[in-house]
Amino acid sequence: MKIEHFLEKNEVREITIFNQLVLNGGTLSYGKMLNHLGVSKASLENDLSSIAVRIDGFDQKVQLQYDGQTIGLSMSDDLSLQQIYRLYLDQSIKLQIITFLFKHQEFSITQLTQKLAISESSLFRKIKELNSHLKEFGIKIRNGQMQGEELQIRYFYFQFYCYIEDKTTFLAEHPNDRLTQMIDAMEKFLNVTITPENRERLTIWLIISNARVTIIDKQAKRLRTQMKAYRKDPFFHKIQVFVLRYFSRYSIEVDEVESMIHFAFLLAFPVLTEPDFHEYRLLRDRHTPIASMDTLIAETIINHFKYRRLPYMLERDMSYHLTHIHTRLYFFQGDIEIYEYEGIIAKEKQIVGTNVVSFARTLLKTSTKTLADKTGENNSLLKMELLKYISLLVLITFKMASVIQVGIDLKMDGLYKETLGELLILKLKPIKGVKVEHYDPTKIYDLVLTNEEPKAQANYDDARIYILSEILSSFDMVNIQRIIQELNK
Amino acid sequence: MRVVIIGASFAGVAAAFEVRHIHPDAEILLLEKQDNLGYIPSGLHLYWDKKISDLDEARFVTEGQLDKHGIVYHLNATVQKVNTTQKIITYDQHDLSDQLSYDKLIIAAGSRQLSEKITGSAQESVLKYKRYDEAQAALIKVEESEHITIIGGGQVGVEAADLLTAMEKQVTLVESMDYVLFKYLDEDMIKPIEKNMIEKGVDLRMRQTVSSIEMEPDQKVTVCLGEGSVTSYAVIMGVNVRPHLPFLDETIKQHTDQTIAVDRYLRTSVEDVFAVGDCIQLSGPGEDRVYVPLINNAVRTGIVAAANLIEPSRTFKGSLRTIGTRVFGKYIASTGMTEAESLFTDRTVESHRQKVRLTSLADSDTVTLKYVYDAKTHELLGAQMISNANILEKINVLALAIQSKQTLEDLQQTDYFFNPAYSQMIATTNLIAWMDERADEDEN
């Protein structure tokens with residue numbers, strides 16, 4: 001699902017016009033714009049006039065100039081494209097249908113046609129369109145209700161309120177004294193730290209969850225099956241005790257599905273910090289689907305890059321991200337594409353090369369095969385998780401590259417030693433991911449550059465040694481670069 | 001002034017008496033759904049415990065008492081609709097629909113013990129016995145059942161398990177938490193009870209949630225759990241109660257948990273409409289609003305609402321969730337915050353557990369006492385007791401201490417009598433930490 005699925009065709013075109021202008025430095029010729037949009041000039045003129053009416057509310061902060069030749073956009077410094085998107089989304093009927101459905105849980109056609117001031121047929125059409133996009137979440141609007149697995153419904157609303165609807169307004173509309181108390185208690189009980197950013201995420205989730213907790217006849221067949229492997233999970237048990245105790249304070253009956261839903265969410269989204277997650281990782285059963293997939297993928301990554309091992313903290317970090325990816329693949333269906341998938345893939349390919357992207361695809365193929373039977377290029381969840389794999393691979397490559405420590409230990413007279421050493425440092429510095437300095441015997445290096453054969457390797461611990469043939473020669477430079485590349489793998 | 005009260009259980013009746021006391025001229029009308037008056041919800045337990053010989057003896061109020069106070073009551077009257085704009089109540093009685101106007105309305109409709117999550121829990125063989133007719137049916141069913149499954153390890157469930165075990169029934173008790181009576185006692189306090197339960201042959205199934213109840217062809221019932229299932233002759237629902245208020249109109253605001261929103265004077269969002277008892281949330285031990293459906297709260301809220309009918313004059317002081325009972329040979333009592341529940345308070349709390357002798361005599365019984373207090377101010381926040389001897393009244397002393405915000409130091413100075421046959425050099429409720437007796441030994 002994409003943000004634009006909440007908009008009408010002409011609105012999507014208008015948004016695209018803004019987008020193109022931003023991507024092209026604020027000005028674009030009619031020709032290029034027409035080419036991009038694939039519409040007639042008259043239609044473009046229409047869109048531009050429509051935009052002019054819409055941005056009127058911004059009080060000159062956004063201005064669009066067009067003269068039949070070029071289109072120009074100017075925006076005040078405190079305004080971004082996001083606010084323009086917001087303007088369009090705020091007027092979206094589809095968005096209002098979802099919001100109404102969340103607030104009231106149920107609606108009658110008359111109620112909704114009156115509220116939105118639209119005809120019945122147009123309401124049906126919009127619901128039908130929404131349903132075609134909700135399909136990937138495994139949910140649908142039917143008989144005035146959101147229907148499907150409860151976890152999926154809450155997950156959809158969560159994505160919706162995080163990325164489509166105005167998050168700030170949503171949070172402001174829901175007084176959160178009780179939520180603050182609930183999160184504080186959760187922090188204490190689970191013995192974790194919830195950072196402000198994660199707290200906001202959790203607050204949105206809990207507003208949605210608490211609004212739906214009293215709904216009878218929730219569907220959870222799929223979740224119950226998925227949770228079979230986690231019945232004895234220590235974190236699940238803790239969540240279950242917390243959920244039972246919390247709701248025992250109110251006249252709300254909860255069954256284990258409520259705890260299962262929170263378990264899936266807490267592991268799939270960054271709510272726990274890495275150190276707190278690590279505590280759980282030490283306790284969890286390694287044979288459960290997500291944990292074993294984490295191990296398999298981690299090993300595949302390490303093997304692929306021919307790393308012997310990753311630094312301890314990087315390995316932990318990788319596992320943290322992998323669990324998020326794999327928990328989402330295991331429990332959830334569908335996603336909202338908050339980033340322009342094709343665009344990012346294209347950009348990433350340019351920066352990190354096609355290898356990383358195709359390797360990420362292999363990883364995704366491996367994990368989805370076991371964790372979830374989700375196929376098809378158009379599944380947004382798979383697209384988003386692929387982006388996450390790519391980001392993780394890039395992160396690991398960068399982090400691994402940055403740890404190459406090079407020490408220069410020239411054996412010559414003081415002045416030469418100093419000067420040539422400095423020149424070498426200057427020459428090596430531009431190489432990405434390398435830290436070069438004068439050799440310090442108290443430090444550990446990956447590579448030591450020297451000009452004489454060392455009397456004993458022991459002097460340099462495990463560091464690789466390169467003996468310079470001719471200081472500053474291109475011959476040496478090529479060799480040094482090769483060694484660095486080797487060390488990077 | 002016509003005061004209509006929906007529900008003639010503890011809250012409704014208490015409200016009616018108090019209204020009569022304050023407003024001698026008021027016309028008071030009680031509308032009761034059941035066809036009988038004043039049945040004590042735990043009457044069946046009294047019967048099984050041989051405290052009464054007939055369920056009919058389990059009455060907290062008689063028709064005569066209401067008549068004497070000029071309180072009119074309609075039994076078998078089911079309220080269908082409350083119209084707060086016109087101040088009219090529509091109700092069914094003996095298959096006829098009738099209407100009634102009011103000047104002041106008190107909603108005391110109580111709660112019911114029904115699960116909306118457990119499929120099959122509404123069928124007849126699943127016993128609930130809060131009401132007289134339900135209790136009569138349950139009595140017969142239990143008598144002919146050898147093996148009974150109880151769902152829920154709260155006060156009702158554990159008491160039932162105790163009484164049924166004493167009647168030599170085979171009992172399986174299913175509880176979703178790690179331990180029974182978790183609302184009232186901390187895990188470290190409950191151990192002797194659980195030990196006795198197991199010794200008495202109760203099949204304890206902790207950390208198990210019931211998903212469905214299915215009838216078997218041979219009159220047996222299967223309770224399906226997260227893991228496995230239990231088949232027995234009867235099932236008792238000991239789950240939490242919840243209000244059932246289908247008659248409310250939209251103007252009366254409700255919380256997410258379906259309780260009616262009330263202010264400190266127990267006024268609802270609509271003028272002249274009050275709500276009490278199991279229909280509302282109360283200010284609980286942690287001073288935030290929670291749902292505490294206990295009879296003591298029902299009675300007290302009934303009285304407070306009655307006092308505020310004309311103008312707001314009395315605020316409700318809140319609930320400490322005070323309970324006292326005897327199960328599996330132990331007297332247990334609790335008031336205020338437990339250590340586990342202190343999770344929900346901003347305060348930093350500390351707790352202390354000690355075993356003290358009850359008298360100065362050599363054969364004295366002991367009581368295990370746990371108290372929870374504010375680490376900074378030493379204000380007492382909660383207390384729990386467990387003993388072979390009847391210490392139940394002592395919890396009321398501590399409840400009063402908590403309500404009047406006494407600190408541990410205040411309590412140490414409270415003046416209690418000394419008599420070696422009945423007390424120790426220091427009274428139990430003085431909460432003196434150094435009066436610890438045989439702390440490492442088991443109470444038995």
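**Strands and cores**

Analyst: Strands β2(B) and β3 (residues 71–74) of chain B run parallel and are joined by 4 bridges; strands are DSSP runs (E, at least two residues) and helices are H or I runs of at least four, numbered from the N terminus, and strands pair if DSSP finds at least two bridges between them. This is a predicted model: local features need pLDDT of at least 70, side-chain atom pairs pLDDT 80 or more, while totals for chains, interfaces and linings use all residues. Residues are numbered from 1 along each chain as written, with chains lettered from A and ligands numbered from 1 in written order.

User: Which residue of β3(B) is the bridge partner of L29(B)?

Analyst: β2(B) pairs in parallel with β3(B). The partner of L29(B) there is V72(B).

User: How many bridges join β1(B) to β2(B)?

Analyst: Strand β1 (residues 2–6) and strand β2 (residues 27–31) of chain B run parallel. I6(B) stands opposite L31(B) in β2(B). The number of bridges is 5.

User: Which residues touch the most other members of the largest nonpolar core?

Analyst: A nonpolar core is a set of buried Ala, Val, Leu, Ile, Met, Phe, Trp, Tyr and Cys residues joined through C-beta atoms within 7 Å. Buried means 20 or more other C-beta atoms within 10 Å of the residue's own, with C-beta atoms placed from the backbone. The largest core has 162 residues. Those touching the most other members are V235(B) and L380(B).

User: Which helix gives the largest share of this core?

Analyst: The share is 9 residues. They come from residues 256–268 of chain A, helix α14.

Conventions: Buried ≥ 20, exposed ≤ 12 C-beta atoms within 10 Å, placed from the backbone.
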